Amino acid sequence: MSAPDKAEFLSRARAIVPVLAAEAPAARAAFRMSDKSIAAMREAGFFRLLQPRAHGGYELDPRAVYESEMIIGEGDMSAAWILGVSGVISWLAALFDARAADDIWGKSPDAIFCCALRRNGVATPVEGGFRLTGRWTYASGCQHSQWAVVGGMRGVEKPVVDDHLLLLAPRKDFEIIDTWRPPGLQATGSHDIAMKDIFVPAHRAIRMIDLVSCK
């Protein structure tokens with residue numbers, strides 16, 4: 001059986017708009033997407049759109065995400081926002097060492113990501129990786145995420161641009177701090193997240209310069 005294409009996902013997006021719209025008022029009041037809405041998007045495969053085929057994803061053109069978002073936004077803009085964040089980060093996570101992909105999708109083929117890419121963390125080098133501490137703002141979808149991608153600086157005496165890192169951490173390693181009370185996009189649940197002296201293996205860290213220079 002062939003993999004679903006963009007047209008199929010646009011049809012699936014149309015099908016779940018009523019579910020998202022029905023759940024949206026309570027989700028806004030709770031500052032959290034409902035479990036039912038997240039399940040509808042997950043079961044329809046939206047969090048796998050840019051995920052590598054080798055790890056159970058569909059590896060579609062990014063336009064499949066953008067166009068699906070626009071339709072899903074008709075039901076709930078917060079749902080569209082979370083899909084956009086997690087969808088793009090599933091692509092970004094695939095740029096890490098292959099062992100990181102095994103860590104993520106080997107345990108949960110439908111993994112959802114949150115991210116906070118500002119350099120708010122301090123990643124102190126230790127044997128086999130880093131000890132990471134920090135607090136980050138605007139981690140959209142964190143209540144439903146199994147993984148977070150965060151930014152940090154390598155903890156050295158005189159950091160340089162090469163020391164700007166992105167690091168992957170599982171849900172058990174980050175705390176959600178209830179800070180999100182905006183007038184719009186309430187259900188994105190874009191709270192702060194914090195980590196304190198967690199261990200991040202070297203294969204779950206990547207230099208930002210290597211991403212932007214396409215090395």
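Alanine 169 is buried, with a relative accessible area of 1% (buried means under 20%, exposed over 50%, and partly exposed in between, with a 1.4 Å probe and protein chains only). The model is predicted, so local features need pLDDT of at least 70 and side-chain atom pairs count only at pLDDT 80 or more, while totals for chains, interfaces and linings use all residues. Residues are numbered from 1 along each chain as its sequence is written, and side-chain values use heavy atoms, with hydrogens and water left out.

Alanine 169 lies in strand β4, residues 164–170. Strands (E, at least two residues) and helices (H or I, at least four) are DSSP runs, numbered from the N terminus. Alanine 169 touches Gln146, Trp147, Ala148, Phe174, Met195 and Ile198, residues up to four places away in sequence not being counted. Contact here means heavy atoms within 4.5 Å. Tryptophan 147 is 22 residues from alanine 169 in sequence, yet the two C-alpha atoms are 5.7 Å apart in space.

Valine 65 is found in helix α3. Valine 65 is also buried, with a relative accessible area of 1%. Its contacts include Leu49 and Leu50, with residues up to four places away in sequence left out. Valine 88 is 23 residues from valine 65 in sequence, and the C-alpha to C-alpha distance is 8.4 Å.

Valine 65 is one of the buried residues of α3, a set that also holds Ala64, Ser68, Glu69, Ile71 and Ile72. Seen down the axis of α3, these buried residues fall within an arc of 165°, so they line one face of the helix. The arc is that of the directions from the helix axis to the C-beta atoms. On the other side of α3, Arg63 and Met70 are exposed. The buried residues of α3 pack against α1, α2 (35–43) and α4 (77–93). An α-helix has 3.6 residues a turn, so residues three or four places apart point the same way.

Helix α2 has a buried set of its own. Ser37, Ile38, Ala40 and Met41 are buried in α2. They cover an arc of only 160° around the axis, which puts them on the same side of α2. Asp35, Lys36 and Glu43 are exposed on the other side of α2. The partners of the buried α2 residues are α1, α3 and α4. Just after α2, glycine 45 takes a positive phi of about 90°.

Two helix pairs involving α1 were then examined. Helix α1 (residues 6–30) and helix α3 (residues 62–72) pack at an angle of about 25°, with their axes 8 Å apart. Axes are lines fitted to C-alpha atoms, for helices over the stretch in contact, and angles run from 0 to 180 degrees between N-to-C directions. The angle makes α1 roughly parallel to α3. Angles under 35 degrees count as roughly parallel, over 145 as roughly antiparallel, 65 to 115 as roughly perpendicular and the rest as oblique. The crossing of α1 and α3 is right-handed. A crossing is right-handed if the near helix is turned clockwise from the far one by less than a right angle, and left-handed if anticlockwise. On the α1 side, the contact is made by Lys6, Phe9, Leu10, Ala13, Arg14, Ile16, Val17 and Leu20. On the α3 side, it is made by Arg63, Ala64, Glu67, Ser68, Ile71 and Ile72. By class, this contact of α1 with α3 has nine nonpolar, one polar and four charged residues. Ala, Val, Leu, Ile, Met, Phe, Trp, Tyr, Cys and Pro count as nonpolar, Asp, Glu, Lys and Arg as charged, and the others, Gly among them, as polar.

For α1 and α2, the packing angle is about 165° and the axes are 9 Å apart. That makes α1 roughly antiparallel to α2. The crossing of α1 and α2 is left-handed. Ile16, Val19, Leu20 and Glu23 of α1 meet Lys36, Ser37, Ala40 and Met41 of α2. The classes in the contact of α1 with α2 are five nonpolar, one polar and two charged residues.

Backbone angles complete the description. Most residues other than glycine have a negative phi. Tyrosine 138 has a positive phi, near 60°. Tyrosine 138 is found in the loop between β2 (129–136) and β3 (147–154), and is exposed at a relative accessible area of 56%. Leucine 185 has a positive phi of about 50°. Leucine 185 is placed in the loop between β5 (175–177) and β6 (192–201). At 31% relative accessibility, leucine 185 counts as partly exposed.
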